[in-house]
Amino acid sequence: MADESQQRAVNTAFAPPPPLWKHFTRENIDKVEQIKAEASKKEDGRSNKNHQWSAAELRALELPSELRYLVPPDIPEGQYSVFGELQTMSTTLPSLQEQGIEQLYPEPTVAGTEQNSQPSPPLNHAYYLLKISKSLLLNFLEFTGILSVSPEQFESKVEDLRNLFINAHHLLNLYRPHQARESLIMMMEEQLNHSREEMRQMEKVKMEVESVLEQLQAEGSRVSATGSEDDTDQAKALKEKADEHSRLIWDLLDKEN
């Protein structure tokens, strides 16, 4: 009875967390750290705090039963269980035939597998998705009719609906590689457009800086030219004043003689 209730809890859509979470308390974590510190002591009695513990080394420690849950399990290989269902580690989408489910659409053509000279046309996903959607509506209508007439004969029609939903879901999953490829292309295009926009902004700023520098250079040249003219006039005035002083000195000398 306990096994049945546990299996029912595992297979439910919103399964409760496993009971082992109750052992993950601060007290138990401190106990594990203390045991690890004792086990990693060197010959001089000092604890090696830099030791990296692997899962196998932790399992080799003599831990109480309530602390065994704090040891991480081995990394799964091939398959793992989630809520009572086996999941595969492979990224390849298994076919419906491999899962023992009737496939309602033709097998997609794989490149390089055509035996004839004429390659077969690619699978039209939208066409078969539309057909499956219409079949779902029809089968649901038939299902409601069966429930109104003889409800005990619902199993076959429920199985048909289940098969249609699985085929539609699997057909949509065939779009995943295409979706990933298109998403990557979109991201790269966005990055490229962003880089181009940054380059345009940099070019715009460069032109503005060059324009400002040209204006500064023109103003500097104009100021230099104006300053040179002023310096020339001032030099002439000083020269005339010096000549006048020289003449006065010579006149005084002539009078004394």
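**Exercise 1. The burial of F143**

Determine whether F143 counts as buried or exposed.

*Solution.* Step 1: the categories are buried (under 20% relative accessible area), exposed (over 50%) and partly exposed (in between), with a 1.4 Å probe and protein chains only. Step 2: F143 has 14% relative accessibility, so F143 counts as buried. Step 3: the structure is a predicted model, in which local features need pLDDT of at least 70 and side-chain atom pairs count only at pLDDT 80 or more, while totals for chains, interfaces and linings use all residues. Residues are numbered from 1 along each chain as its sequence is written, and side-chain values use heavy atoms, with hydrogens and water left out.

**Exercise 2. Aromatic pairs**

State how many aromatic pairs a search of the whole structure finds, and classify them.

*Solution.* Step 1: rings of Phe, Tyr and Trp (its six-membered ring) pair if their centres lie within 6.5 Å; planes under 30 degrees apart count as stacked, over 60 as edge-to-face and the rest as tilted. An α-helix has 3.6 residues a turn, so residues three or four places apart point the same way. Step 6: Y127, at 43% relative accessibility, counts as partly exposed.

**Exercise 3. Helices α4 and α5**

Compare the span of each helix with its expected span, and identify what the buried residues of α4 pack against.

*Solution.* Step 1: helices (H or I, at least four residues) and strands (E, at least two) are DSSP runs, numbered from the N terminus. Step 2: the expected span of a helix is 1.5 Å times one less than its number of residues. Step 3: α4 covers residues 125-149, has 25 residues and reaches 36 Å from first to last C-alpha, close to the expected 36 Å. Step 4: α5 has 20 residues and reaches 29 Å from its first C-alpha to its last, close to the expected 28 Å. Step 5: in α4, the buried residues are H125, Y128, L129, I132, L136, N139 and F143, and they pack against α5 (154-173). Step 6: the buried residues of α5 include L161, L164, A168 and L171. Step 7: with contact meaning heavy atoms within 4.5 Å, I132 is in contact with L164, N167, A168 and L171, leaving aside neighbours within four places in sequence.

**Exercise 4. Nonpolar cores**

Name the residues that touch the most other members of the largest nonpolar core.

*Solution.* Step 1: a nonpolar core is a set of buried Ala, Val, Leu, Ile, Met, Phe, Trp, Tyr and Cys residues joined through side-chain atoms within 4.5 Å. Step 2: the largest core has 13 residues, and Y105, L123, Y128, I132, L136 and L171 touch the most other members. Step 3: α4 and α5 each supply at least two residues of this core, and the largest share, five residues, comes from α4. Step 4: a second, separate core has seven residues, including L58, L61, L70 and V71.

**Exercise 5. The hairpin**

Describe how strands β1 and β2 are joined.

*Solution.* Step 1: two strands pair if DSSP finds at least two bridges between them. Step 2: β1 (residues 79-82) and β2 (residues 85-88) run antiparallel and are joined by four bridges. Step 3: S81 stands opposite L86 in β2. Step 4: the hairpin has two residues between the strands, and F83 takes a positive phi near 55°. Step 5: the C-alpha atoms of F83 and F14 are separated by 8.9 Å, although the two residues are 69 residues apart along the chain. Step 6: F14 lies in the loop between α1 and α2 and, at 77% relative accessibility, counts as exposed.
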